Each structure stands twice: as structure tokens, then as C-alpha cells.
Amino acid sequence: MTHSERKVLLKVEHLTTGFVNKGELAKVVDDISFYLEKGEILGIVGESGSGKTMTALSIMGLLSKEARILGGSIAFEDRDLLKLSGEEFRKLKGNQISMIFQEPMTSLNPVMTVGRQIEEMLLLHEKGLSEKERKERTMEALREAELGNGETIYTKYPHQLSGGMRQRVMIAMAMICRPKLLIADEPTTALDVTIQGTILNLIQSMNQKYGTAVILISHDLSVIKKICARALVMQDGVIVEQGTTHELFLNPRNDYTKKLIAAMPSVLLDQREITKEVEKKVERTDDIEKIEAITKNIGIDNILEVNHLNVYYEEVTQNILAKRRKKQVVYDATLHMRRGEILGIVGESGSGKSTIAKSIVGLIPDRDGAIVLNTVKPQMVFQDPYGSLNPVKRVDWILEEPLKLAGGYSKKERKEKVAKILKDIGLQEKHGRRFLSQLSGGQRQRVAIGVALIQNSKLIVLDEPVSALDVTVQSQILELLRSLRKEYDLSYLFISHDLNVIYLLCDRVCVMHQGRIVETADMRELFHSPKHPYTKKLLEAVI
Amino acid sequence: MKYIMKRIYTLVITLFMVSFLTFIAFQVIPGDSAVTSLGTNATEEAIDALREELGLNENVLVRFFTWIGNTLQGDFGKSFQYELPVKSLVGDRMPVTLWLSLLSIIIILIVSIPLGILTAKKEGGFIDRLITLITNTSMAIPPFFLGMIITLVFGFVLKWFIPGRYVNPSDNFGQFIRFMIFPALAIGIPKIAMVVKFLRSSVLRQLKQDYVRTARSKGQKENTILYRHVLKNALIPVITFIAMVIADIMAGSIIIEQVFGLPGLGRLLVTSISNRDYPVVQIIILYIAAVVVIVNFIVDILYQYIDPRVRV
């Protein structure tokens with residue numbers, strides 16, 4: 001046995017995992033092999049459906065009933081996990097190998113206190129501890145996960161904690177038995193951008209302190225780059241490239257890796273790439289000036305003006321006789337949009353950015369302040385097209401419906417218009433005959449944009465339109481938005497929590513924090529000299 | 001404490017509204033108790049005199065508030081039909097209905113909760129399919145029909161119990177169970193089926209939740225996951241459902257008492273309605289409404305205990 005072999009903690013060889021459905025076999029992970037050294041942080045990157053989560057679940061023995069491991073071996077310290085009995089494997093779980101998941105909101109039991117959920121680990125794997133010792137250990141774990149002195153969190157229920165705190169609880173729980181391997185499956189994806197960095201730091205410090213090896217799974221290359229020494233790139237169930245992270249970024253060999261890096265948000269690229277981005281932006285600015293010149297001639301400059309907007313929500317109370325209380329969610333928001341402009345609104349969840357958007361398209365009646373629109377009814381595109389469009393209708397029906405409602409078109413005209421829009425949004429005629437469930441996430445979002453487009457509005461409000469999409473699809477949709485703007489003279493109000501996406505698309509940005517617009521600036525100005533402390537914090541979190 | 005006060009206040013308002021609506025209902029439906037008790041051949045004068053005596057000529061609101069006032073003081077009035085105090089009429093029959101309902105609820109709970117868990121655990125297996133088949137069938141049988149079958153088979157053919165007999169539990173508990181178990185089963189069986197189905201799907205839904213996967217990743221045993229993590233979550237919607245079932249049993253027992261000839265409130269209510277004996281009807285309806293509201297109240301308290309997310 002050579003020295004390097006002795007250091008290997010986990011060795012996956014020819015692992016094949018898939019679903020068996022009515023005798024048909026669908027491989028999700030196809031003959032992959034990789035190893036993990038003791039104390040190493042290994043990244044697995046790939047888009048959804050690339051098989052990275054299935055790989056993790058195979059190692060953890062957590063595959064659903066429908067999924068099967070079809071072949072290969074997973075050696076953990078020279079023991080093949082696939083040959084262990086259920087009982088032997090169960091004793092390893094939590095104790096030697098533990099896992100944290102993408103959804104901190106739902107990964108904890110809602111009706112059990114955080115303290116008890118962590119103690120459950122000790123009850124399972126460190127028998128013989130007294131109740132007092134268990135509590136002591138739990139408190140220590142909570143403190144280590146930077147959850148204050150632990151005392152207050154201990155008796156809390158998951159719903160009383162924020163997403164970031166829950167993920168810390170998950171980490172405290174996963175680490176309490178000092179496992180040799182921690183699998184972190186998209187641990188930061190569901191979190192706000194300002195919190196993502198701190199969670200990664202916590203995982204890294206756990207790794208350094210206890211020598212726990214980590215497999216970090218993410219679709220986000222910037223996350224991988226931040227803490228992983230080595231990374232695998234997965235596509236369609238196959239490892240297409242692996243190597244040190246540095247090497248992968250510097251000269252990616254595989255086309256898919258190149259594509260992933262190219263689709264990566266520009267702020268993370270080297271100087272050369274950024275200049276290229278800026279050049280592109282200059283081109284765009286020219287367009288705006290042209291458009292502005294035209295609109296100024298007509299005498300209308302702003303397509304949208306919002307003055308001193310306050311928005312309220314009614315609080316729900318059980319008592320029907322109690323006076324309804326109103327909760328203010330947007331405070332004194334003022335903004336304007338020039339014709340042809342792409343204005344971004346960035347902020348964390350709950351900052352009120354979606355509320356402003358909904359007020360502008362008239363979805364929220366309870367507001368004061370003025371909203372002046374110099375266009376026909378603005379259209380809105382939502383994050384989840386599957387939820388916001390009718391899933392039991394065909395795409396062409398969905399596109400045609402607004403025309404029917406508007407009236408004034410003959411059947412032939414409607415069909416022609418639908419055909420044109422389909423082409424413009426980059427879909428083919430055959431897609432029109434399909435249902436939403438038969439389209440990919442990116443194609444669905446294209447349909448949603450088409451629905452907004454077909455109504456001839458010049459202003460489209462996009463609420464997190466690419467947040468649910470993979471990075472390569474994201475960049476395709478952003479490209480589509482750019483070309484549509486040119487063709488249709490559109491203005492976009494673009495809402496996102498993701499500064500990277502905002503950077504790639506917008507001309508100006510409003511930064512929102514706790515219901516207020518704290519800063520409005522030109523895109524470049526904002527990135528180079530942010531003024532408000534919150535903006536600085538946001539930018540730091542990205543870079 | 002503040003919360004409980006608020007609930008009591010809701011209870012009072014609900015009961016007030018229910019009794020007012022019952023009062024109004026009696027105004028709207030044709031016929032009155034004077035005519036019913038004297039018969040259609042009675043003279044106008046005699047009917048008028050009786051109306052005067054019973055206070056039926058007063059304005060409806062005056063009568064309503066007089067009744068409320070008396071009821072609050074514990075005076076429930078006199079039955080027109082039996083010429084007996086309502087208190088003793090209802091008081092004699094109330095225990096029968098109460099015991100019948102209670103017994104059926106207990107049967108439902110002790111049978112359906114283990115069965116619900118079992119079917120979820122063995123999802124798709126033979127036991128699951130068998131129980132699902134049985135529950136689907138029994139859900140389709142109306143309780144009164146089930147009652148008739150039970151009376152026929154166990155009462156008349158096997159002679160395990162005598163229909164129409166009722167023994168006080170304090171007199172002879174064994175005999176009490178012997179006579180009550182069959183009507184309680186007639187009420188319970190279709191409801192058991194519903195609760196089993198509901199609990200099964202609730203447990204299955206919970207088993208798909210992320211926190212179950214977390215528990216598995218901790219190395220927890222499947223059985224412990226089921227009982228420690230899943231069950232409490234799965235019971236949350238089931239509790240609401242059981243509360244609805246209990247309200248339904250109150251109504252269901254009226255029919256079952258008729259079928260089994262039990263001297264409970266159900267029979268009294270039916271005869272009182274047809275005789276326009278409104279003092280009796282008012283009290284019985286008030287009692288049923290109170291039970292429904294109180295059960296809901298208990299459910300709310302239980303929720304507070306079981307689900308930290310709704311704690312106030």
C-alpha cells in the first residue's frame with residue numbers, strides 16, 4: 001500500500017445509479033470514479049440533473065425507493081458501503097459520514113426543538129452520556145456554529161430561526177459526532193447572498209479544526225472556487241473533468257467546463273473578462289442614447305415614474321372583531337425609468353422588491369403615492385413559470401389567450417402573432433403544441449416572456465426570472481432579453497437577489513433593504529464606488 | 001389565559017346565535033304546539049287559550065329573551081308535549097347519547113390510529129391493500145343500514161344483546177358495554193375507515209418530507225423516525241379531521257338511537273320537533289352546538305401543544 005493510498009478516505013469506483021421504471025432503465029449517474037483524501041474539500045459542480053445529488057445520496061445510502069445502485073463500489077476506509085448490512089451502515093451515518101442539505105427550511109423537524117434534534121445524534125451514536133453531558137455537548141456545538149451562546153437557540157423551534165441560522169443548526173448537528181466525512185449538498189443555494197459566504201466559512205473552519213473531509217456540491221462555480229481544493233465537473237451523469245480548482249479555472253479542457261465558466265457571473269472573472277463585459281455594456285449604452293433621443297423628440301422621457309410609494313399588507317388575525325392591523329412593507333419609494341432602460345432592483349428576500357413590482361403592475365391595491373406609467377399596462381414575468389402559467393393548456397393556447405381577451409384580432413391574425421412570438425422567443429413551432437410539463441425550465445421561462453411580450457406593452461417587469469434556472473440557461477435567457485429589448489424597444493424592470501445577474505443585464509440599479517430604496521446608481525458606479533453600507537456588504541458577499 | 005378567555009367569548013356568541021336561529025326557524029315553519037297538542041278538531045277558543053297559556057302570542061323577540069333569561073338562571077322551562085320540566089326530560093336522556101358518542105369516539109381512535117400507521121408503513125403491501133379494501137367498503141355503508149344489519153345479526157339471530165335496552169354504566173359496567181358496543185360500532189365503523197384513510201395519506205406525505213431524510217442521514221432507525229418524527233407531524237391535520245368526525249357523530253347518534261331503540265336525546269329530539277315542542281328542541285340543539293364548539297376549543301388547545309408554529 002503506497003503512502004497516497006493510505007490517505008484516501010473515500011474511493012468511488014464505477015458507480016452507476018439510476019431509476020428502474022416499468023422495466024426501463026434510466027441512468028442518472030453513469031460509471032463515475034473518484035476519490036477523496038482525508039481532510040480534503042472536494043467540489044462537485046454541475047447543473048441540475050447532472051447527477052451530483054444522486055452521487056451524494058448514493059454515498060449516504062439515502063436514495064429513494066425508486067432509485068437503485070446498479071453497479072460499482074463505494075469504499076469508505078476500505079469498507080465497501082454497498083456491501084454493508086442496513087444496520088452496519090446505519091451506525092456509520094451521522095457518526096462517521098454526515099450530510100447537510102439544500103433546504104434548511106424543511107430539513108429540520110418543525111415540531112421538535114433544535115436542541116432535541118441535535119441531541120438525537122448523541123443518543124444514537126454516543127451512548128452512555130448523561131442528560132447533562134448531552135446538553136453540554138449540544139450547547140458547545142451550537143456555539144461552535146456561531147449561534148450565540150447556544151442557550152437561546154437550544155429551546156427554539158426551527159420556524160423561529162432564519163434560513164442561515166437553520167443551516168448553522170444543520171452544520172452543528174452534522175458535526176457533533178466529529179464525522180470523518182461531511183457531504184454538503186448545495187448548502188448555500190437557498191440562502192441570501194450575504195449569508196452564503198459565512199456558511200462556507202463555517203464549513204471551511206470545521207474542516208480545518210477537525211480534519212473532516214468535505215464533499216461540497218454546488219451548481220455555483222463561485223461557491224466551489226471559494227473553498228474547494230479540487231473539483232469534479234459533472235454533466236449528464238458523467239464526470240467530464242476533474243482537477244485542482246485552480247487548474248480548472250485557469251485552463252478548462254472540457255467544452256462543458258468552459259461553458260460553465262463562461263456563463264459565470266462576470267464579477268468573478270479575471271480582469272480581461274471584465275473589460276470584455278464592460279465593452280459590451282458600452283455598446284448597450286449607445287443604444288439607450290439613441291432610444292432616448294427618439295423618445296425625447298416625442299416629448300416623453302420616462303416610461304415609469306414612482307413617487308413616494310408606500311405599500312401595506314393587512315395582517316391576518318384570528319379574531320374577526322379585532323381591528324385589522326396594517327404592516328408597511330415598502331417605505332417612501334421613489335424611482336424613475338427611462339424609455340429603453342433596464343433598471344434593476346436588488347435586495348434580499350423580504351426587502352420589498354417584489355412588492356414594488358407587484359404595485360407597479362397593479363396587483364396590490366393597498367398603497368399610496370403615485371405610479372405614473374407612460375405605456376399600456378405593463379406585464380410581469382415571475383420566477384416560477386410553471387406555477388404562474390396554466391399547466392393544463394398548450395403553449396400556443398397560453399400565448400393566444402391574452403389576444404383573445406384584448407379582442408380585435410381575427411383568428412388568423414392571432415395565429416400569425418403567436419407564430420411570430422414563438423420564433424422571437426427562440427422556440428420552434430412544435431413547442432407551441434406542447435404542454436408546459438413537456439418543456440425545460442428555460443423554455444418555460446421563454447413562454448412566460450412571450451406571454452408578456454404578446455400584449456404590446458413596452459414595459460416588462462421581471463421578478464427573479466432566472467433565479468430558478470441553471471447558469472448556462474440563465475445566460476441564454478439574459479441574452480434573449482437583450483435581443484428582445486432591441487427588437488421591441490422594451491424597458492425592463494428587473495428584480496433579482498443576485499447581483500451577478502443584475503450586473504450582466506442592467507443599466508442602473510436600485511438597492512433595497514428592509515422596505516427602503518437605500519441607493520440608486522449607475523451600474524458601473526455602484527460596483528466601483530458603492531455608497532450605502534448595505535450595498536458594500538452585498539458587494540463583499542459576492543466577491 | 002387571555003387566549004382561553006377569548007375562546008369562551010366565542011363560545012358564548014356561537015351559542016347565542018345558534019339558539020336565536022333555532023327560535024327563528026320555529027317561527028318560519030308552519031304549525032304550532034297548541035294545535036299539535038289539542039288536535040285539529042279543537043275549537044278556536046281552546047287553541048287560543050292554550051296559546052295564551054304557553055306564551056305563544058307574545059312577540060318572538062320578547063319570547064326569545066324571556067327564554068334566554070330563564071335558561072341562564074337554570075330554568076329550562078316545561079315541555080309542551082310531556083308537561084314535564086325540560087331539565088328532567090333532557091337530563092334523563094343526555095347520559096345515553098353522551099356515552100354512545102364517547103364510546104364510538106374511543107373505538108374510532110383506538111382502531112384507526114394504529115391501522116392508519118400500519119397501512120402507511122406497509123404501503124403497497126398485502127396488508128395495506130387488504131385494509132384499504134375493507135375501509136373503502138365500510139365507508140360506503142350508511143351507519144343506519146349498518147345498525148340495521150347489526151341489530152338483525154347480533155340482536156335477533158345471535159341474541160348477544162337486546163335492542164332497546166340501556167344499562168347505566170354505574171349500575172353494571174359489563175352490561176352497559178354489552179348493550180352499547182353495537183350501536184357505537186355502527187356509528188364508528190364508517191368513521192374508522194375515514195380516519196384510517198386520512199391518517200395513512202398524512203403519514204405518507206410526511207415520510208416524503210426533507211426532515212425525514214435528515215433523520216435517516218443521522219442514522220436513525222426507521223421505526224424511531226416513524227414514531228418520533230413523523231407521527232406528531234402527521235397527526236396535525238388528522239386532529240382537525242377527528243374534530244369534524246366528532247361533530248358528525250353528534251348528528252349521527254340521533255339516527256342510530258332510532259335504529260337501536262335507545263332512549264337517548266336523538267329520539268327525544270325527533271319527537272319534539274314533530275310536536276313543535278320548542279323548549280325541548282332549543283335545549284337539545286343548544287347542547288349539540290355547545291359540544292361541537294367545545295370540541296373545537298379542545299382541538300385548538302391540542303394544536304397549541306402539538307404544533308409550535310401556531311403557539312401564541
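A polar contact here is a pair of N or O atoms within 3.5 Å, and within protein one atom must be able to donate a hydrogen and the other to accept it. Residues adjacent in sequence count only if both atoms are side-chain atoms. Keep that rule in mind for the boundary between the two chains. The model is predicted. Across the interface of chain B and chain A, the rule finds 15 residue pairs in polar contact, both residues at pLDDT 80 or more.

Which parts of chain B face chain A? Helices α1 (2–28), α9 (210–217) and α10 (222–260) of chain B each supply at least two residues to the side that touches chain A. Helix α9(B) gives the most to that side, with six residues. By residue class, the side of chain B that touches chain A divides into 12 charged, six polar and five nonpolar residues.

Now take the contact as a whole. Chain A brings 32 residues to it, and chain B brings 23 residues. Three residues of chain B deserve a look: Arg213(B), Ser217(B) and Lys218(B). Together they supply 28% of the area that chain B buries against chain A, more than any other three residues. The two chains bury about 2400 Å² between them. Carbon and sulfur atoms account for 56% of that area.

Charge pairing comes next. Four salt bridges are counted between chain B and chain A. Find Arg213(B) again: its side chain meets that of Glu103(A) in a salt bridge, at 3.3 Å from N to O.

Turn to chain A on its own. Its domain assignment gives domain 1 (3–262), domain 2 (275–378 + 458–542) and domain 3 (389–456). Domain 2 of chain A puts 14 residues into its contact with domain 3 of chain A, which puts in 13 residues. About 1100 Å² is buried between these two domains. Carbon and sulfur atoms give 68% of it.

What polar links join domain 2 and domain 3 of chain A? Three residue pairs are in polar contact, both residues at pLDDT 80 or more. The salt bridge count between the two domains is one. Lys420(A) and Glu487(A) meet through their side chains in a salt bridge, at 3.4 Å from N to O. Helix α19 (residues 471–488) of chain A gives the most to the side of domain 2 that touches domain 3, with eight residues. That side of domain 2 of chain A divides into 11 nonpolar, two charged and one polar residue.

Terms used: Residues are numbered from 1 along each chain as its sequence is written. Chains are lettered from A and ligands numbered from 1 in the order in which they are written. This is a predicted model: local features need pLDDT of at least 70, side-chain atom pairs count only at pLDDT 80 or more; totals for chains, interfaces and linings use all residues. Side-chain values use heavy atoms; hydrogens and water are left out. Contact means heavy atoms within 4.5 Å. Buried area is the accessible area (1.4 Å probe) that two parts lose on being put together, summed over both. Helices (H or I, at least four residues) and strands (E, at least two) are DSSP runs, numbered from the N terminus. Ala, Val, Leu, Ile, Met, Phe, Trp, Tyr, Cys and Pro count as nonpolar, Asp, Glu, Lys and Arg as charged, and the others, Gly among them, as polar. Domain bounds come from an automatic or database domain assignment.
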